[in-house]
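Open the model in your viewer and keep the selection tool at hand. Each stop below tells you what to pick and what you will find there.

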Amino acid sequence: MNAQRKRIIISEIHYWKKNRLLPEHYCDFLITLYAQGDAEAATNVKVEKAILEKERYSVTKKMIMLVILAIGLSALMFTIGNYPIIMIAPASIFVLGLLVRLIISKPFRSALIPFTYIIAAFMLLAISLKVWFSFFEGETMLLLGILMLNSILWLFAGRLLKLLYFTISGAAGLLMIIGFLLISY
């Protein structure tokens, strides 16, 4: 194992020990194991800035940026009504960008991936509703069809990607639409 990798691992173990994520004697054992008995190497590691803490901050920062961008695009889409195609295009490019990012990135590499799926699904729903409001307002059956397609897509994505929250959301959406149809007709 190279020296850089050992230093990172020992730094993380010190961070775990400092924040009591593992019992102290486990951490001491792991530090001794990775330092290979070299006490000087085990104590020369900076504990203040652990790698995991930096990654968490980076992921949180990216999540906040994605939420702000998605909310901003959704708000613009529904407030500017004169030019629907011009407002739907950036939102569609945003969703396509998210999907391409998900396909390119390695699965389950970070906590950002499930969050990105959720934002892409809600943006797709917002785009569908904007299309309905702009071109087909008043067509209730078409709205129900659009909502049903979104629910089926969520259900399919949940089953395909083994994401329970998408499966539950898709099934609940379909049940509510069917319930609405049964009650109203």
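Select Ser128 and Asn150 in this predicted model. Their side chains make a polar contact at 3.3 Å. Ser128 is found in helix α6. Is Ser128 buried or exposed? Ser128 has a relative accessible area of 17%. The limit for buried is under 20%, so Ser128 counts as buried. Now show what surrounds the serine. With neighbours up to four places away in sequence set aside, Ser128 is in contact with Ile146 and Asn150.

**Next stop: the largest nonpolar core**

Stay on the chain and pick Ile127. Which residues does Ile127 touch, not counting those up to four places away in sequence? They are Met77, Ile88, Ala91, Ser92 and Val95.

Now widen the selection. The largest nonpolar core has 17 residues. Select Leu66, Met77, Phe94, Leu98, Ile119, Met123 and Ile127: these touch the most other members. Three helices each supply at least two residues of this core: α4 (51–79), α5 (84–104) and α6 (112–135). Colour each helix separately to follow their contributions. A second core is separate and has five residues. Among them are Leu125, Trp154, Leu163 and Phe166. In soluble globular proteins, nonpolar side chains tend to be buried together.

Switch to a surface view. Select Leu76, Ile80, Tyr83 and Ile86. Together they make a nonpolar surface patch of about 390 Å². Then zoom in on Leu76, which sits in helix α4. Leu76 has 39% relative accessibility, so this leucine counts as partly exposed.

**Next stop: the salt bridge**

How many salt bridges does the count give? It comes to one. Asp28 belongs to helix α2 (residues 24–35) and Lys17 to helix α1 (residues 3–18), so the pair ties together parts that are 11 residues apart in sequence. Side chains of opposite charge can pair when their charged atoms come close.

Check the exposure of both partners. Asp28 is partly exposed, at 31% relative accessibility. Lys17 is partly exposed as well, at 28%.

**Last stop: the whole chain**

Clear the selection and show the cartoon. What does the secondary structure come to? There are eight helices and zero strands. Read from the N terminus, the elements run α-α-α-α-α-α-α-α.

Now colour by burial. The chain has 185 residues, and 30% of them count as buried. Finish with the contacts. Take those with a separation of 6 or more: residues 24 or more positions apart account for 61% of them.

Conventions
Residues are numbered from 1 along each chain as its sequence is written. This is a predicted model: local features need pLDDT of at least 70, side-chain atom pairs count only at pLDDT 80 or more; totals for chains, interfaces and linings use all residues. Side-chain values use heavy atoms; hydrogens and water are left out. A salt bridge is a side-chain nitrogen of Lys or Arg within 4 Å of a carboxyl oxygen of Asp or Glu. Helices (H or I, at least four residues) and strands (E, at least two) are DSSP runs, numbered from the N terminus. Buried means under 20% relative accessible area, exposed over 50%, partly exposed in between (1.4 Å probe, protein chains only). A nonpolar core is a set of buried Ala, Val, Leu, Ile, Met, Phe, Trp, Tyr and Cys residues joined through side-chain atoms within 4.5 Å. Contact means heavy atoms within 4.5 Å. A polar contact is a pair of N or O atoms within 3.5 Å; within protein, one must be able to donate a hydrogen and the other to accept it, and residues adjacent in sequence count only if both atoms are side-chain atoms. Patches are made of residues with over 30% relative accessible area and no salt bridge: like charges are joined within 9 Å, nonpolar side chains (Val, Leu, Ile, Met, Phe, Trp, Tyr) within 5 Å. Accessible areas come from the Shrake-Rupley method with a 1.4 Å probe; for residues, only the protein chains shown count as cover.
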